[in-house]
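Here is a short tour of one protein model. Look over the sequence and the structure, then read on.

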Amino acid sequence: MSQELNNSNILPAKRSFPRDPRFDPLCGQFDDNTFKANYSFINDIRQKEKKQLEKELKNCTDERKKTIMFLLQRMDNQLREAKKKTIEDKKKV
């Protein structure tokens, strides 16, 4: 019975704290070129989505057309800004 009341045998649990890799020096430095190379497949996915939306635009209702037009406009803007940033990065080098 005395063993049940004695809590000295219980070890406290170690608490782990989440780390944010953006601010953690253990995760290394950010390299923009490596990031772009590792995630270049996303641009391919965006191009496929754009083509799919353009096909869907031809065969849809007016309400859906507005949504698709908005999405296509947004994708074009994002693509234009990405190209502009790439050109600026090349000028810096």
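Lys55 is exposed, at 61% relative accessible area. Here exposed means over 50%, buried means under 20%, and partly exposed lies in between (1.4 Å probe, protein chains only). The model is predicted, so local features need pLDDT of at least 70 and side-chain atom pairs count only at pLDDT 80 or more, while totals for chains, interfaces and linings use all residues. Residues are numbered from 1 along each chain as its sequence is written, and side-chain values use heavy atoms, with hydrogens and water left out.

Lys55 belongs to helix α3. Helices are DSSP runs (H or I, at least four residues), and strands are runs of E with at least two; both are numbered from the N terminus.

Glu54 and Leu72 are 18 residues apart along the chain, and their C-alpha atoms are separated by 7.8 Å.

Asp76 is in helix α4. Asp76 is partly exposed, at 31% relative accessibility. The C-alpha atoms of Asp76 and Lys50 are separated by 9.0 Å, and the two residues are 26 apart along the chain.

Lys85 is in α4. Lys85 is partly exposed, with 45% relative accessible area. Lys85 and Leu71 are 14 residues apart in sequence, and 21 Å apart in space from C-alpha to C-alpha.

**The nonpolar core**

Which residues make up the largest nonpolar core? They are Leu53, Leu57, Ile68, Leu72 and Met75, five in all. Such a core is a set of buried Ala, Val, Leu, Ile, Met, Phe, Trp, Tyr and Cys residues joined through side-chain atoms within 4.5 Å. Helices α3 and α4 each supply at least two residues of this core. The most come from α4, which gives three.

**An annotated span**

The unreviewed UniProt entry carries the annotation "coiled-coil region" for residues 43-92. UniProt positions are given in the numbering used here, feature names are shortened, and annotations may be inferred rather than shown by experiment. In the model, residues 43-92 are 94% helix and 0% strand. The end C-alpha atoms of that span lie 23 Å apart.

**Aromatic rings**

How many aromatic pairs are there? The count comes to three. Rings of Phe, Tyr and Trp (its six-membered ring) pair if their centres lie within 6.5 Å; planes under 30 degrees apart count as stacked, over 60 as edge-to-face and the rest as tilted. Phe30 and Phe35 form a tilted pair, 5.8 Å centre to centre, with 50° between the planes. Tyr39 and Phe41 have ring centres 6.1 Å apart and planes at 40°, so this pair is tilted too. Ring pairs link Phe30, Phe35, Tyr39 and Phe41 into a cluster.

How accessible is each ring residue? The table gives the values.

| Residue | Relative accessibility | Class |
|---|---|---|
| Phe30 | 62% | exposed |
| Phe35 | 43% | partly exposed |
| Tyr39 | 41% | partly exposed |
| Phe41 | 45% | partly exposed |

**Pockets**

Rolling a probe the size of a water molecule over the atoms shows where empty space is left. A pocket is an open set of points on a 1 Å grid over the protein atoms alone, where a 1.4 Å probe fits, with protein on both sides within 12 Å along at least five of seven lines; lining residues have an atom within 4 Å of a point. Grid points are joined across faces, edges and corners, and a volume is the space filled by probe spheres set on the points.

The largest pocket holds about 780 Å³ of space. Its lining has 24 residues, and Ile42, Asn43, Arg46, Gln78 and Ala82 lie nearest its centre. Helices α2 (32-38), α3 (41-58) and α4 (62-92) are the elements that give two or more residues to this lining. The most come from α4, with 10 residues. By class, the lining has nine nonpolar, six polar and nine charged residues. Ala, Val, Leu, Ile, Met, Phe, Trp, Tyr, Cys and Pro count as nonpolar, Asp, Glu, Lys and Arg as charged, and the others, Gly among them, as polar.

The second largest pocket has a volume of about 170 Å³. Pro21, Arg22, Phe23, Asp24, Pro25, Cys27, Gly28, Gln29 and Phe30 line it. They divide into five nonpolar, two polar and two charged residues.
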